[in-house]
Amino acid sequence: MRDYKENVYRLAYSYVKHPQNAMDVVQDAIQKALTKSDSLTKPESIKSWFYRIVVNTALDYLRRAKKLVPVADEVLEQQGVNDHDVIQDLHLSETLEELPMMYREVIILRFFEDMKLEDVALVLNIPLSTVKSRLYQALKILRINMKQEEAY
C-alpha cells in the first residue's frame with residue numbers, strides 16, 4: 001500500500017475533490033484492506049484489489065456526503081501555473097465532472113492512474129468489453145464537449 005500511496009490519494013481526490021476528505025477515504029480504504037486482507041486470493045493482483053477498495057470507499061463517501069466540494073481559488077493560485085493552463089485544466093475538469101460517473105471513473109483510472117484496461121475492469125468489477133465501451137463513449141462525449149467550448 002505504501003508503494004501506491006500517492007496514486008491512491010490522487011484517485012480518492014479525483015472522486016471527493018477535497019484534500020482532507022481524500023485523506024479520510026484513503027485511511028478508511030487502508031483500514032478496510034487490512035481487515036479484509038484474507039479475501040485477497042491472488043497476491044499479484046493486490047494493486048487492482050486495493051484500487052477497487054479505494055473506489056468503493058470514495059463512492060460510499062460521496063453517497064454519504066451527497067455533495068461535491070469545488071476547488072477553492074486560493075488552491076489554484078498556490079499551484080503557480082499560468083492563466084492559460086488554468087483555463088484549459090479547469091475546462092477539462094469541468095467537462096470531466098459533466099460526464100456520468102460510469103464514464104468518469106473509467107477515464108480517471110485509465111488516463112490519470114495509467115491503468116491497463118484489464119485492471120480497470122478488475123477495479124470496477126465489470127467486464128473488459130464494458131470498460132472498452134464506456135471508454136469509447138466517454139472519449140466521444142469529451143471530444144464533442146471540448147469542441148463546443150472551443151467554439152465559444
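Helices are DSSP runs of at least four residues, numbered from the N terminus. The model shown in these views is predicted.

**View 1. Leu34, an exposed residue of helix H2.** Leu34 is found in helix H2. Its relative accessibility is 57%, so Leu34 counts as exposed, the cut-off being over 50%. Phe50 lies 16 residues away along the chain. The C-alpha atoms of Leu34 and Phe50 are separated by 10.0 Å.

**View 2. Helix H1 and its packing partners.** H1 covers residues 5-16, 12 residues in total. From first C-alpha to last, H1 reaches 16 Å, close to the 16 Å expected at 1.5 Å a residue. Val8, Leu11, Ala12, Ser14, Tyr15 and Val16 are the buried residues of H1. They pack against helices H2 (19-35), H3 (46-65) and H6 (101-112). Lys17 follows H1 and has a positive phi, near 60°.

**View 3. The largest nonpolar core.** This core holds 37 residues. Leu11, Tyr15, Val55, Leu109 and Leu124 touch the most other members. Two or more residues come from each of H1, H2, H3, H6, H7 (117-124) and H8 (128-151). H3 gives the largest share, 10 residues.

**View 4. Contacts of Leu124.** Neighbours within four places in sequence are left aside here. Leu124 is then in contact with Val55, Glu105, Val106 and Leu109. Among these contacts, Val55 and Leu109 also belong to the core residues that touch the most other members, as does Leu124 itself.

**View 5. Arg110 over the ring of Phe111.** The charged end of Arg110 sits over the Phe111 ring. Its distance from the ring centre is 5.4 Å. As for aromatic pairs, the structure holds 1.

Conventions
Residues are numbered from 1 along each chain as its sequence is written. This is a predicted model: local features need pLDDT of at least 70, side-chain atom pairs count only at pLDDT 80 or more; totals for chains, interfaces and linings use all residues. Side-chain values use heavy atoms; hydrogens and water are left out. The expected span of a helix is 1.5 Å times one less than its number of residues. Buried means under 20% relative accessible area, exposed over 50%, partly exposed in between (1.4 Å probe, protein chains only). Contact means heavy atoms within 4.5 Å. Rings of Phe, Tyr and Trp (its six-membered ring) pair if their centres lie within 6.5 Å; planes under 30 degrees apart count as stacked, over 60 as edge-to-face and the rest as tilted. A charge sits over a ring if NZ of Lys or CZ of Arg is within 6 Å of the ring centre and within 35 degrees of the ring normal. A nonpolar core is a set of buried Ala, Val, Leu, Ile, Met, Phe, Trp, Tyr and Cys residues joined through side-chain atoms within 4.5 Å.
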